[in-house]
Amino acid sequence: MKRSGAPPRAVAHRRPLRGLRAALLPALLAAAWAAGAAPPGQLERGNGPEPSTLDAHRCQEVACGNILRDLYEGLVTEDAHGRLIPGMAERWSISADGRTWTFVLRPGLRWSDGQPLDAPQVVASFRRAFAPATAAPFAELFDALHNARAVQAGAAPPTSLGVSAADTRTVVFQLDRSAPLPALLTLPIAFPVYLPAVQAHGAQHTRPGRLVGNGAYRLQAWTPQANLVVVRNPHFHAARAVPIERVRFHVTEDAAAELQRYAAGDLDITEVVPPQPLTALRERFGTQLRISPYLGAFWLGFNLTRPPFADEAALREALSLAVDRDILTRHVTGLGETPAYGLVPTGIPGYAPASLSSAQLTQAQREARARALYRAAGYSRAKPLVLELRYNTSTPHRRLALAVAAMWRQVLGVQVRLRNEEWKVFVGNRKQRVITQVFRGGWIADVPDARNFLAAFGSDGPLNWTGYDDAGFRQRLAKADGARSEAARNAWLRAAEIRLLNAHAAIPLYFYSSKHLVSPRVRGFASNPLDRHASRWLMLEARP
């Protein structure tokens, strides 16, 4: 089938190749592959920005997570529909009090280099993940694990972490409170890292020829700022059930360029779809356009540790009120996103999301209040607020930043300098909280749990980009952690979300939808709330 917008393809001759032509065929194919053409059986995936790392314990964004889910497998994994299924562990059980989890490994597990993989190595990897030197950004999501915080802070040795090996096939976790451990074990921080490679190569253990994983694929090549190739791992326990031989992940920071590459037949799956009229996209691509609900929230964060936003809640609220979220989701994003007045999206079982009180006002009422708060903070059109809005390089992010800046200028007279940065630079600046003022933030769910969207604001860890520091908020999180019922836990989490919203530490803008273009030759691509699509579940038809 010819893709919409793709150039016509030459008709192949069906005569057998003989003589010189047959001898030259391998060289011609190799030259074509080197030039970027896909060899047979290779899936071409857009993947957004250059991954910041392939160290599973240090991954903190979607771009590296997509690749790591092909290179590694945790004790628990997910099927194509996002349902939890056995990974390294063939089964698991939980104690009556919900605080001891026991996982039994599959027999005969091996690393991608063929070496045996057993429970003590899994335990050693967890200890490395929580060691202070690793500085794992998602370690705080495991704060229910016994001694996890103390180990990461350097106040307790890694051997005191609440994970142990009862024997070569049994891993036991001790928690200080109940937590959705199987779901957490699907995260990259819970993947087993091959420690001999780390010891031999340090940070370079993630390079081709050195990275040893345990997943459906192994790393073959990595060309920075271009692409990364993985090939099927023959030592994976389910290797025979992995249909696609090779996958090439492409760096596609520019969503518009990614769309062009897809239309030309260079990509089989896009990571995103650039903002365009939905009707036109559907007319052009039909069922190749996949839009579905997604557990993710997009917001702008304030640096609360420095002027002009430290101790200026009224000014922060004024900026929030001046943004017309309906215009953003209808005309700027326009692909199924919904306006957000809270930080936790809908769709989490048992949780009723909170929202800003201004959600009940008309936009005209919001803007009138914004102007009053702006004046009360000492600013005016004659004496405007001057700020920087920082975002990582991306066409959709640039469009949104321009729209927000225009709204602030029109409603309040704010002067905005836009700063776009390459992903790694942006992540570092956001984490350091030194030069940032207003920045692109947001959260994509790691697990379908409201706490996952709130926890980062409750510590001074690397994910608290705003520097929000409030004892009342932390107290509500603690109450949720100690609750004896799911209803009570969700009630305390909602109270924490309300307190955070009332502080205006961030400006909620919209809740995500997942949006991809998927070639008709790709089979097995299934929508799921966390938008995870491991290559092992996909199948690939031959190109026409």
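Colleague: What should I know before I start reading residue numbers?

Modeller: This is a predicted model, where local features need pLDDT of at least 70, side-chain atom pairs count only at pLDDT 80 or more, and totals for chains, interfaces and linings use all residues. Numbering starts from 1 along each chain as its sequence is written, and side-chain values use heavy atoms, with hydrogens and water left out.

Colleague: OK, β11 then. How many of its residues are buried?

Modeller: Strand β11 (residues 289-302) is mostly covered, with 11 of its 14 residues buried. Buried means under 20% relative accessible area, exposed means over 50%, and partly exposed is in between, with a 1.4 Å probe and protein chains only. Strands here are DSSP runs of E with at least two residues, helices are runs of H or I with at least four, and both are numbered from the N terminus.

Colleague: And which way does β17 run against β11?

Modeller: Antiparallel: β11 and strand β17 (residues 506-517) pair over 10 bridges. Two strands pair if DSSP finds at least two bridges between them. F298 has Y510 in β17 as its bridge partner.

Colleague: What about β15 and β16, how many bridges does each make to β11?

Modeller: Strand β16 (residues 443-444) pairs with β11 over 2 bridges, antiparallel, and there A297 has W443 as its bridge partner. Strand β15 (residues 438-440) is also antiparallel to β11, over 3 bridges. In that pairing F302 stands opposite V438.

Colleague: Switching to rings. How many aromatic pairs does the structure hold?

Modeller: It holds 21. Rings of Phe, Tyr and Trp (its six-membered ring) pair if their centres lie within 6.5 Å; planes under 30 degrees apart count as stacked, over 60 as edge-to-face and the rest as tilted.

Colleague: Why is the F302 and F309 pair called tilted?

Modeller: Their ring centres are 4.8 Å apart and the planes sit at 50°, so the pair is tilted. F302 is buried at 0% relative accessible area, and F309 is buried at 1%.

Colleague: And Y510 with Y512, what's the geometry there?

Modeller: Those ring centres are 5.5 Å apart with planes at 75°, so that pair is edge-to-face. Y510 is buried at 7%, and Y512 is buried at 15%.

Colleague: Which residues form the aromatic cluster?

Modeller: F138, W299, W443, F457, W465, Y468 and F473 form one cluster.

Colleague: Is D311 buried or exposed?

Modeller: D311 is exposed, with a relative accessible area of 78%. Q225 is another non-glycine residue with a positive phi, near 60°. Q225 sits in the loop between β8 and β9 (227-232) and counts as partly exposed at 45%.

Colleague: Since you mention β8, in what order do the strands of its open sheet come?

Modeller: The order is β1-β10-β9-β8, 4 strands with mixed pairing. β1 (42-46) and β8 (217-223) stand at the edges with a single partner strand each, so one side of each has no neighbour in the sheet. β1 pairs with strand β10 (residues 246-250) in the parallel sense over 5 bridges, and E44 stands opposite R248.

Colleague: What about the hairpin of β4 and β5?

Modeller: There are 5 residues between β4 and β5, and G98 in the turn has a positive phi of about 75°. The strands β4 (residues 89-94) and β5 (residues 100-105) run antiparallel, joined by 5 bridges, with I94 opposite W101.

Colleague: Last topic: which classes of residue line the second largest cavity?

Modeller: By class, its lining has 8 nonpolar, 5 polar and 7 charged residues. Ala, Val, Leu, Ile, Met, Phe, Trp, Tyr, Cys and Pro count as nonpolar, Asp, Glu, Lys and Arg as charged, and the others, Gly among them, as polar. A cavity is a set of points on a 1 Å grid over the protein atoms alone where a 1.4 Å probe fits but cannot get out, and lining residues have an atom within 4 Å of a point.

Colleague: Which residues lie nearest its centre?

Modeller: R69, T77, E78, A534 and W537, out of 20 residues lining the second largest cavity.

Technical notes: 1 Å grid on protein atoms, 1.4 Å probe; cavity = no way out; pocket = protein on both sides within 12 Å on 5 of 7 lines; lining within 4 Å.
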